[in-house]
Amino acid sequence: MEYRVRETLEKFFKSYMNERNLEKTLECVSEEIISVGTGEQEIAKNKSELAQLLKEEFSVNSSPVYFVMGNYTETVMHPEVCCAFCVLTVRMEDSHGDFYSMNTRFSAVCGIEQGQWKILSMHLSTPTAEQSEEEFFPLKYGREVVRKLSMESNRELIRLMTNTFPGGIIGGYLEKGFPLYVINDEMLGYLGYTYEELVRETKEMVIETIAPEDRDRVEQYVMEQVQETGSYEIQYRLLKKNGERMWVVDKGRKIVTEEGRDAIISVVIDISKSMKRQEMLQKEADHDALTGILNRKAAIRLIEASFEQDRDGVLFVMDIDDFKLLNDTWGHRAGDQVLTGFADILKKNSRTDDVCARLGGDEFLVYFPGLDREKTAAERAEMIRRQFRELNQGKYGEVQLSVTIGIAVRGGQETFDQMYSAADQALYQAKRTGKGSFLFSYREDADHT
């Protein structure tokens, strides 16, 4: 198994316990770390507070502490979020020079910050045979729940929560809509409800906390996975009280309640920032940096996908006449302005489902899925050609810019490569006939009006 964060935790313990080095210890933690120790006052809500606690500890005892990490376990919640648990055996010297050992339980949530794993939260506790009611987390139960959990369910619940603290905890009966079984304050905070508001607004149905567009998918997947494996992991959007959506990863498993009903308990982690980052990276990967429209690779992918829905379509392949002369005479800044202006024209003349892209240099394409009338295609080409001429008329002196367009109409069987080749041939034939024109593939006449 690939241990994603163990190296970071080992570095933390070595710096903290063996070396008693404050600076190296703090390198391993996030600025917003939440740390809970075994002592009543050992709580830090950020890096600064943790640093103060460590300074006080080191001033009292600077002697090295020896440690062994055992029973190490990781739970990958998301590519950039990982939870870890271990039994930490420490060996210390007392004031009389005698050594003694003790076992503690350590759990942490780690995330990637600036390319490196950092500890986001950590919790140290000492094992005890007895637990007072709701000692681990403040939980609120659905009205139908018998308050005292069975021992098996209790152990499973505690294991899930302690290994993944902090995070939203929510559970529902394994029935249609997942009637509410249990929820914690963190989850209520995610949703923006008080417990009373949640009960009133959702009628105690967990499915109502999920965005409507994701509900069917989530319910079907959870039911299938729990039946097959007893556990599941899924990403979806929560529906908050204010109507906003929040991306989360939900990891849960099946339990049996005291009254014998099947239920699920899950840990829910907010991954909104990570999803936004992924969406931004995906957009950067799919779009041309200068013009903001699609690049070649993304355009081809979308066009080929549209072939599965519509057999008809029209492809425009275009380039800007005398663009090299413009760059040589007026410079690349002027060239960039012309390219972005042309991209804006293409967007204005495209529908929502049309594919508009810059192929590179001064070459562009637009694909109109479902379009099968040459007359409509010709009208669109003329509109693009005329608007481009009007936009740049008289701006660049003797450089008279125009756009030439090659057009291919799909008959239902052609591949993208075949359509592109046909439109490209029409483009260069149109250029030989006269710049600033458009021509359909396999036709001899071009429109020069």
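Reader: Why are helix 10 and helix 11 called oblique to each other?
Author: In this predicted model, the axes of helix 10 (residues 323-330) and helix 11 (residues 332-348) cross at roughly 140 degrees and come within 7 Å. Angles over 145 degrees would count as roughly antiparallel and those from 65 to 115 as roughly perpendicular, and helix 10 and helix 11 are therefore oblique.

Reader: What makes the contact between them, and of which classes are its residues?
Author: Helix 10 contributes F323, L326, N327 and W330, while helix 11 contributes H332, A334, G335, V338 and L339. By class, this contact has 6 nonpolar and 3 polar residues, with no charged ones.

Reader: Which residues touch the most other members of the largest nonpolar core?
Author: Of its 31 residues, these are F316, M318, I320, F342, F364 and I405. Helix 11 gives the most to this core, with 7 residues. Leaving aside residues up to four places away in sequence, F316 touches a set of residues including F364, F368, I384 and I405.

Reader: Why is strand 9 described as largely enclosed by the rest of the structure?
Author: A residue counts as buried under 20% relative accessible area, and 5 of the 5 residues of strand 9 (residues 180-184) are buried, so the strand is largely enclosed.

Reader: How do you know that strand 8 and strand 9 pair, and in which sense?
Author: Pairing requires at least two bridges, and strand 8 (residues 168-173) and strand 9 have 3 bridges in the antiparallel sense, with G172 standing opposite L180. The two strands form a hairpin with 6 residues between them, where G177 in the turn has a positive phi of about 80 degrees.

Terms used: Residues numbered from 1 in each chain as written. Predicted model: local features only at pLDDT ≥ 70, side-chain atom pairs only at ≥ 80, totals over all residues. Heavy atoms only, no water. Buried < 20%, exposed > 50% of the residue type's maximum accessible area, 1.4 Å probe, protein only. Helix = DSSP H or I, 4+ residues; strand = E, 2+ residues; numbered from the N terminus. Axes fitted to C-alpha atoms, helices over the stretch in contact; angles between N-to-C directions. Parallel < 35°, antiparallel > 145°, perpendicular 65-115°, else oblique. Contact = heavy atoms within 4.5 Å. Nonpolar A, V, L, I, M, F, W, Y, C, P; charged D, E, K, R; others polar. Core = buried A, V, L, I, M, F, W, Y, C linked by side-chain atoms within 4.5 Å.
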